[in-house]
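Biologist: Please take me through the fold, one feature at a time.

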Amino acid sequence: MIGMSENPLPGVFRRAGRPAVSVEFFPPKDPAGGERMLEAARVLKGLGVDFASITYGAGGTSRDTTLHYGAKLVAMGYPMVGHLTCVGHTREELSGLIARYDDAGFSGILALRGDPPKGQAAFVRHEGGFGHAHELVRLIRAERPGRFSVAVAGFPERHPDSPDDLSDVRHLAGKVAAGADFVTTQLFLDNADYFRFVARARAAGVRVPVVPGILPVLSLKQARSFCGFCKARIPAALERELAACGEDEEAQRRVGVRWAVAQARGLLAAGAPGLHVYVLNKSESAQELFAALRA
Ligand SMILES: Cc1cc2nc3c(=O)[nH]c(=O)nc-3n(C[C@H](O)[C@H](O)[C@H](O)COP(=O)(O)OP(=O)(O)OC[C@H]3O[C@@H](n4cnc5c(N)ncnc54)[C@H](O)[C@@H]3O)c2cc1C
């Protein structure tokens, strides 16, 4: 178990003069994918990334792999944020997982409600479990006081279940009041959505860092699929640029990097506390993004 004083995450967003950069991995489906993910992680670690996160149960991935690969990333030297969702878990099971995240040396937990499993239209509270992320935040704080940095999710274009912007940020404020240290956002492709979201969150009393989530898009097909799933908008200009590349996948990837660089520059210039990059277990686009930002 890592002691509180060794947790490198508190204060990561307050370091003078430099935004904190994090990268998000997902647990690979097979050992070959695992090797590719770990190689990408090695490359990105060498670029001075501040911390990494790893998803939990998203896209049907097995849940044990979050701990398995998360521990490997800890061993590589990453301060690690493990995602955790309430889907299909009782309170006791979540307590057990929090203890396992502690044993694995994770520095933080991204506390999430999670999406309904495939084939289920709406989220249903598991018997003996939780209905919303703030309950998980409370559990983490109660089970391991001071041990973890706790993050929660924010939605610049509003969570799809939220009836309006106001209730959306009120519930975000509730998660922060329950004990979250920072907010990481869903991907968005138009910075105006992030700026409006941060303004709403501040008006609702959210004072913690709101870290923008950036996806260097790989292709038009991928952008449509991801944005369709998380209900994010693809700006018409980006769609046009990607479509103009035709079938040339490398050209589309380069458009995605250029767009992400422009987004990142705009966000940092406006005072964003850091960048959380959805790297999709690859290093190439993120490397180019970081190189452009350094330049
Ligand atoms: C950065 C990031 C990482 C993610 N990682 C994963 C992952 O690893 N695995 C995975 O399965 N999913 C992941 N997701 C997706 C996430 O689980 C879904 O978006 C899910 O639908 C919402 O989770 P949440 O934690 O925001 O839920 P909540 O905060 O519980 O919010 C869900 C909805 O309920 C409303 N609500 C919140 N509190 C209350 C309340 N007290 N009363 C009434 N309504 C309320 C909210 O406004 C919102 O509309 C991630 C999302 C983000 C942004």
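Predicted model: local features only at pLDDT ≥ 70, side-chain atom pairs only at ≥ 80, totals over all residues.

Modeller: Residues are numbered from 1 along each chain as its sequence is written.

Biologist: How many helices and strands are there in the protein?

Modeller: Helices (H or I, at least four residues) and strands (E, at least two) are DSSP runs numbered from the N terminus, and the protein has ten helices and eight strands.

Biologist: In what order do the strands close into a barrel?

Modeller: Strands pair if DSSP finds at least two bridges between them; here the eight strands close in the order β1-β2-β3-β4-β5-β6-β7-β8, with parallel pairing. From one strand to the next the twist averages 25°, where axes are lines fitted to C-alpha atoms, for helices over the stretch in contact, and angles run from 0 to 180 degrees between N-to-C directions.

Biologist: How many bridges join strand β1 to strand β8?

Modeller: Five bridges link β1 (residues 20-25) with β8 (residues 274-278), and the two run parallel; in β8, G274 is the bridge partner of A20.

Biologist: Which strands does helix α2 lie across?

Modeller: Contact requires C-beta atoms, placed from the backbone, to lie within 7 Å. Helix α2 (residues 64-75) lies across β2 (51-54) and β3 (80-85), and runs at about 165° to β3.

Biologist: What share of contacts joins residues at least 24 apart?

Modeller: Among contacts between residues at least 6 apart in sequence, the share is 81%.

How values were computed. Contact = placed C-beta atoms within 7 Å.
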